[in-house]
Amino acid sequence: DSTKYSLKGFFGDCSLQGFIAGGVQEKNISNLWDYIKDEIREEKNPDINKLREIFYFFFEKYNLIFPIFELQEVSVGDNFVEDNHIRHSSSKEVNGAISEVIFRGWVNHKTNKTVKKSVVKMG
């Protein structure tokens, strides 16, 4: 219920139409990503997996209309790069190889600029 209440601010109303209409707007996608990132950092939201699925769903639909962005290519074993990644607080290492990709960020594929950094864990 608290997650549903929090999402109301992103989507306006709780109808299916409001959910879809709000979800494919760039500002809402960006705000939703920030919200999920903060929830991941706090590690208290039992709905975090569903939230990630919602974000990836809307990100994909937005890109059907405006194919400007793409999810960051980041994999376990890649080296942590401060310009591309956010270190999760549960990381055992400060630098080095990524041991888990918790939440993917995205880049502008035309400029290769990172828009949102991926949340990752090391060690």
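I take exposed to mean over 50% relative accessible area and buried to mean under 20%. The model I am reading is predicted.

**Entry 1: helix α2**

I started with helix α2, residues 16–23. Which of its residues are buried? I list G18, G22 and G23. Looking down the axis of α2, I find these buried residues within an arc of 120 degrees, so they line one face of the helix. I then turned to the other side of α2, where L16 and Q17 are exposed.

**Entry 2: the sheet with β1**

Next I looked up an open sheet of three strands, ordered β1-β4-β5. Its pairing is antiparallel. I note β1 (69–71) and β5 (113–116) as the edge strands, each pairing on one side only. From one strand to the next, the twist averages 35 degrees. I checked the pairing of β4 (residues 106–108) with β5 and found three bridges, in the antiparallel sense. What is the bridge partner of N108 in β5? I find K113. Helix α4, residues 48–65, packs on this sheet and touches β1 and β4. I record about 150 degrees between the direction of α4 and that of β1.

**Entry 3: the sheet with β2**

I went on to another open sheet of three strands, in the order β2-β6-β3. Here the pairing is mixed. Why does one side of β2 and of β3 lack a neighbour in the sheet? I see β2 (85–87) and β3 (98–103) at the edges, each with a single partner strand, so one side of each is left without a neighbour there. The twist averages 40 degrees from one strand to the next. Between β3 and β6 (residues 118–122) I count four bridges, paired in the antiparallel sense. One of my spot checks was F103, whose bridge partner in β6 is V119. Helix α3 (residues 26–42) packs on this sheet, touching β2, β3 and β6. Its direction makes about 130 degrees with that of β3.

**Entry 4: the cores**

I then looked up the nonpolar cores. As background, nonpolar side chains tend to be buried together in soluble globular proteins. The largest nonpolar core here has 20 residues. Those with the most contacts inside it are I29, I36, I40, F55, F59, F103 and W106. I find at least two residues of this core supplied by each of α3, α4, β1 and β3. Apart from it, I note another core of five residues, among them V74, F80, I98 and V120.

I picked I36 for its contacts, leaving aside neighbours within four places in sequence. I36 is in contact with I48, L51, R52, F55 and F103.

**Entry 5: F55**

F55 came next, in helix α4. Its relative accessible area is 0%, so I log F55 as buried. Not counting residues up to four places away in sequence, F55 touches I29, L32, W33, I36, L71, F103, R104 and W106. How many residues apart along the chain are F55 and W33? I get 22, with their C-alpha atoms separated by 6.8 Å.

**Entry 6: N45**

My last stop was N45, in the loop between α3 and α4. Is N45 buried or exposed? At 12% relative accessibility, N45 counts as buried. I find a polar contact of 2.9 Å between the side chains of N45 and E39. Setting aside residues up to four places away in sequence, N45 touches T3, Y35, E39 and L51.

Note on methods: Residues numbered from 1 in each chain as written. Predicted model: local features only at pLDDT ≥ 70, side-chain atom pairs only at ≥ 80, totals over all residues. Heavy atoms only, no water. Pairing = 2+ DSSP bridges. Axes fitted to C-alpha atoms, helices over the stretch in contact; angles between N-to-C directions. Contact = heavy atoms within 4.5 Å. Core = buried A, V, L, I, M, F, W, Y, C linked by side-chain atoms within 4.5 Å. Buried < 20%, exposed > 50% of the residue type's maximum accessible area, 1.4 Å probe, protein only. Polar contact = N/O pair within 3.5 Å; in protein donor to acceptor, adjacent residues only side chain to side chain. Arc of directions from axis to C-beta.
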